[in-house]
Amino acid sequence: MSQIRYEPEENCPPLTAVTAALQILIPNTISLVLLTALVVRAAGESDAYLSWVTFTALVVTGAGMILQTLRLRHLGAGRLVVANFNVPFLAVCALALSVGGPGLLASLVVASTLIQAVLTFRLASLRLIFTQTVSGIVVMLVAISAMPFIIGRVVTPPEGESTLVFLAPGLAALAVGVLIALQDRPVWRMWILTITVAVGMLVAVPLGFYDTNPIAEAPWVSLPLYPWPALDIAFNADFWTLLPVFVLVNLTGFMKVVGDLSVIYRASYRRQSAVDFRAVQGGLNVYGIGTFVSGLLGTLPVAAPWSSTAVYIGFIGVAARNVGLYLGVLTIIAAFFSKFLAVIVAIPSPVVSAVYIIIFAMLFVEGAKTVFTGQIDQKKAAITGVSMVMGLSAVALSRLFEGNVGHLVSNPIVVGGAVAIAMTLIAQMPRLRASTLRIDLSPASPAAVDEFLGRFADKQSWTEEGANRLRLVGEEAILSLLESGKEGASPQKRSLVATISPDGASAELEIIVASNDAIQGNIEDRMAYLGQDQALEDEQELSVRILRHYASSVQHRQYYGIDIVNCRVTDNQRERVR
């Protein structure tokens with residue numbers, strides 16, 4: 001990836017921001033219009049409904065991207081977030097439309113979306129499920145399952161046309177795109193998507209694959225004539241039959257968005273930063289609102305964050321928030337300009353597919369980086385390998401089932417994600433033997449935690465060197481939180497829950513502080529600062545250096561009102577004996 005020229009909080013010149021937004025607008029609008037059309041056509045709905053869906057999807061998605069740039073307490077991720085169709089809903093939305101039309105679809109989307117608000121509010125409680133490994137697996141599954149769907153449904157040669165000639169524009173575009181991707185030249189990479197489309201069009205036009213008749217016939221500005229679909233609130237048999245399917249798919253979509261927002265957060269900064277889950281929660285709230293409004297409007301679920309944002313940022317080198325603002329405004333404007341949409345829709349499907357092969361290929365890499373960041377152990381490798389294989393086998397598995405179950409099992413994201421969650425929960429079984437300490441966070445906390453950890457070490461027969469290592473990590477973690485709490489200057493009482501569980505010759509220490517956002521800064525980021533130009537206060541630097549030296553790994557997750565620090569400590573002498 002190229003160097004980030006502008007981070008989210010930095011002032012990006014308007015011309016640069018608009019240019020970056022335009023580069024994202026074209027491929028993102030193509031995919032949004034393409035995916036919505038695929039679903040509507042697969043369900044056999046009318047052209048009038050398709051025009052309604054296209055218009056509302058663009059408006060809701062544009063508004064969602066604008067809201068994501070906000071940095072309000074519980075609304076918005078505060079950064080550039082490219083939104084699009086909610087991919088896990090592709091098949092089930094087509095099924096709902098074919099069974100009961102737009103009214104049934106609207107009711108199912110609204111009803112199943114209500115669960116999102118609860119999940120977002122309880123995100124900290126779900127930390128053992130939506131881990132970094134699970135998030136990365138889901139992102140990789142999205143990348144490898146979306147392209148076969150797009151190519152299989154769209155890339156169809158006209159009758160009597162040579163397949164090789166039909167694919168020539170896409171092959172030329174892909175070849176040039178791959179060649180640019182292999183170059184270590186940020187200026188070229190910044191324009192990779194634009195150049196890829198341009199090369200494809202240069203080949204497509206002489207071959208007669210760019211049909212300009214729909215462009216000439218399309219009005220410059222228009223509004224859909226389709227009436228607003230009403231919610232089907234009859235709660236009939238079709239509703240209750242499909243509701244469990246929609247709830248499960250919505251859970252999968254929620255899991256995907258958690259991973260997407262985490263990937264986007266990491267990709268938005270020059271140096272690797274720990275994810276601030278308060279930004280993830282804010283982004284999830286916007287996502288929930290977008291899906292809920294989509295249901296009320298009787299359109300397809302859109303405004304879902306796409307982790308391909310990380311790919312766009314890597315190509316254009318700009319992650320500034322105002323890019324998202326301009327992108328959202330341009331997307332809303334595009335909804336009214338039928339002529340512009342006709343120009344985009346007329347781009348040959350092989351050229352579009354070439355663009356998305358490049359995007360989803362890089363997206364797969366982003367997912368892999370999310371999974372394999374930090375320590376790679378046997379558990380993480382097993383969860384990743386089995387989940388990916390099961391996800392890729394989803395279509396074959398679906399042939400063993402019929403009806404709604406078959407539709408659900410055919411989704412690689414659902415199957416792979418479910419396997420990843422199940423294996424993650426099994427891997428968390430040692431936590432059932434965890435010891436727990438509940439106290440207030442205060443200057444007396446280090447002594448109480450030290451005694452707590454000492455009892456654990458004695459019970460597990462740790463060596464003296466291992467016990468001292470464990471107690472030192474616990475003490476410095478508490479001191480770091482105490483020092484961070486002073487920066488917040490909050491008069492609120494802060495409660496602390498410390499749990500520790502054995503894992504062979506190691507132990508997992510988790511410290512939870514309910515602080516009403518009193519904790520400022522992130523321990524992981526402070527560890528990354530060491531050895532760089534940024535300076536830490538002497539006491540902070542000492543604590544962080546001790547943690548980095550004695551702990552195998554340290555994670556600090558920050559949510560609204562809750563901070564969670566996880567440390568893994570190993571008794572090296574016991575490890576050598578084993």
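Which helices each supply at least two residues of the lining of the second largest pocket?

1. The helices are α1 (14-42), α2 (47-68), α8 (213-217), α13 (338-345) and α14 (349-371). Helices here are DSSP runs of H or I with at least four residues, numbered from the N terminus.

2. A word on the source: this is a predicted model, in which local features need pLDDT of at least 70 and side-chain atom pairs count only at pLDDT 80 or more, while totals for chains, interfaces and linings use all residues. Residues are numbered from 1 along each chain as its sequence is written, and side-chain values use heavy atoms, leaving out hydrogens and water.

3. The second largest pocket has a volume of about 880 Å³. A pocket is an open set of points on a 1 Å grid over the protein atoms alone, where a 1.4 Å probe fits, with protein on both sides within 12 Å along at least five of seven lines. The volume is the space filled by probe spheres set on the points, which are joined across faces, edges and corners.

4. Its lining counts 32 residues, with Val33, Leu50, Leu341, Ala342 and Val345 nearest the centre; lining residues have an atom within 4 Å of a point. By class, 23 are nonpolar, six polar and three charged (nonpolar: Ala, Val, Leu, Ile, Met, Phe, Trp, Tyr, Cys and Pro; charged: Asp, Glu, Lys and Arg; polar: the others, Gly among them).

5. The axes of α1 and α13 come within 10 Å and cross at roughly 85 degrees, which makes α1 roughly perpendicular to α13 (65 to 115 degrees). Axes are lines fitted to C-alpha atoms over the stretch in contact, with angles from 0 to 180 degrees between N-to-C directions. Leu25, Thr29, Ile30 and Val33 of α1 meet Phe340, Leu341, Ile344 and Val345 of α13, where contact means heavy atoms within 4.5 Å. Seven of these residues are nonpolar, one is polar and none is charged.

6. Between α1 and α2 the angle is about 140 degrees, with the axes 10 Å apart.

7. Helices α15 (residues 378-392) and α18 (residues 412-427) pack at about 155 degrees, axes 8 Å apart, so α15 is roughly antiparallel to α18. Their contact has ten nonpolar, four polar and one charged residue.

Notes. Angles under 35 degrees count as roughly parallel, over 145 as roughly antiparallel, 65 to 115 as roughly perpendicular and the rest as oblique.
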